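Subject: Handover of a structure

Dear colleague,

Please find the structure below, together with its sequence. A summary of the findings follows it.

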Amino acid sequence: CLAILREAPPDVPGQVIDTWEIGVIEYDVQNPVLRATPRVYELFGLDEGVELTREELTNALHPDERAEVLKTIKDAEDPNGSGLVDHTNRIVTSGGEVRWLRRRATTHFELIDGERRATRTLVSVMDVTKEHELTLMLNRHQERMRLATEGTGVGIFDRTILPHGLPPYWSESMRKLMGYDSTAPADVEWFFDRVHPGDMETVLK
């Protein structure tokens, strides 16, 4: 059934929707009827005149993640579950563009004929493609740095001087050089306690 939500449902703050460019999907599980805000059509690269169905949205899922996403939907509609979903996955728009979407959903349940059944699912969808790509770039950079430091035997130590700054960072190679626990938070005092007294003045400079 085609229905476009010209505004978010009453229980969804409209200002938040607009500010964060969030798409909202409302799904009547029992009928079933699916309604969506225009932003959802934009995210999936669809014209607003197209009938939006669960099948349409399922077909847009990236093939490598389709089974996983469908499982999250099935679990959310399980009467024995929490009805909550917080999941990030890829879709392929009608124009062939790959996007990463974060989907958060709440499924509501009611007693029907004496049984607890899913009746309504409210879904928020946000485009997190840029954030995800930035994370991938950072991970690749960290992996290159790890390989470089391990190959040369160099340790990296990073300490923020400003108050309330980032915690100190020690690379894996630094931890091995110092004989420090690979899982424990970096401890600056531990480091200074092991500096040779004859070198302390130089280190502090």
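To begin with one side chain, that of E65 reaches the backbone nitrogen of R90 at 2.6 Å. The model is a predicted one, in which local features need pLDDT of at least 70 and side-chain atom pairs count only at pLDDT 80 or more, while totals for chains, interfaces and linings use all residues. Residues are numbered from 1 along each chain as its sequence is written, and side-chain values use heavy atoms, with hydrogens and water left out.

E65 is located in the loop between α3 (54-60) and α4 (66-76); helices (H or I, at least four residues) and strands (E, at least two) are DSSP runs, numbered from the N terminus. With a relative accessible area of 11%, E65 is buried, a term that means under 20% relative accessible area, whereas exposed means over 50% and partly exposed in between (1.4 Å probe, protein chains only). Apart from neighbours within four places in sequence, E65 is in contact (heavy atoms within 4.5 Å) with N89, R90 and W100.

The strands may be described next. Strands pair if DSSP finds at least two bridges between them. Strand β3 (residues 84-92) is joined to β4 by nine bridges, and the two run antiparallel; L84 stands opposite T106 in β4. The hairpin of β3 and β4 has five residues between the strands, and G96 in the turn has a positive phi of about 90°.

Between β4 (residues 98-112) and β5 there are 12 bridges, again in an antiparallel arrangement, and R104 has S124 in β5 as its bridge partner. These two strands also form a hairpin, with two residues between them, where D113 in the turn has a positive phi of about 55°. I112, in strand β4, counts as partly exposed at 22% relative accessibility.

Strand β1 (residues 23-28) pairs with β5 (residues 115-127) in the antiparallel sense over six bridges. Here E26 stands opposite L122 in β5.

Finally, there is the lining of the largest pocket. The residues of this lining divide into 16 nonpolar, four polar and three charged. In this division, Ala, Val, Leu, Ile, Met, Phe, Trp, Tyr, Cys and Pro count as nonpolar, Asp, Glu, Lys and Arg as charged, and the others, Gly among them, as polar.

Yours sincerely

How values were computed: A polar contact is a pair of N or O atoms within 3.5 Å; within protein, one must be able to donate a hydrogen and the other to accept it, and residues adjacent in sequence count only if both atoms are side-chain atoms.
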